[in-house]
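Take a look at the model first, and then we can walk through it together.

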Amino acid sequence: MRAVPWKVRHTIECMSTTHVLAVTGTVLFREKLAMPPGGVVTVKLVDTAGEVLAATSVDAENGPTEFTLQADPADVADPRRLLLWARLRSDAGVWGTTELVPVADDSTEILVTRIDTS
């Protein structure tokens, strides 16, 4: 199975009278297995100091799992230095990022890898 890059972009969107920084992407893993029901993908948007700016959890799918994070631009000192962390937890195991991944406008590639929990 070929790794598919995250589809990550950050834009300013208008929600009512409030502007938000939106980061969207896709979490994927390389192993060939059917994901059992009940799996959860958790994604966090952090700055370089490790401050969590936004987080979400979504149901894991049998393949790439899409997510959207929204943060207040006032909390973001430099949008070019945002980082992502991801974890997929299911009855089949745990996968995650081994290091923080920089957010890019169009070509951020990320792959969660199996984490030994024993």
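Threonine 42 sits in strand E3, which covers residues 40-46; strands (E, at least two residues) are DSSP runs, numbered from the N terminus. This is a predicted model, in which local features need pLDDT of at least 70 and side-chain atom pairs count only at pLDDT 80 or more, while totals for chains, interfaces and linings use all residues. Residues are numbered from 1 along each chain as its sequence is written, and side-chain values use heavy atoms, with hydrogens and water left out.

**Around threonine 42**
- Threonine 42 is buried, at 13% relative accessibility (buried is under 20% relative accessible area, exposed over 50%, partly exposed in between, with a 1.4 Å probe and protein chains only).
- Beyond its neighbours within four places in sequence, threonine 42 is in contact with Thr56, Ser57, Trp85, Ala86 and Arg87, where contact means heavy atoms within 4.5 Å.

**Charged side chains**
- Side chains of opposite charge can pair when their charged atoms come close.
- The count is one salt bridge, defined as a side-chain nitrogen of Lys or Arg within 4 Å of a carboxyl oxygen of Asp or Glu.
- Aspartate 78 and arginine 80 form a salt bridge, with 3.0 Å between the closest N and O atoms.
- Aspartate 78 is partly exposed at 22% relative accessibility, whereas arginine 80 is exposed at 69%.

**A charge over a ring**
- Lysine 44 lies over the face of tryptophan 85, 4.9 Å from the ring centre; the rule asks for NZ of Lys or CZ of Arg within 6 Å of the ring centre and within 35 degrees of the ring normal.

Note on methods: Helix = DSSP H or I, 4+ residues; strand = E, 2+ residues; numbered from the N terminus.
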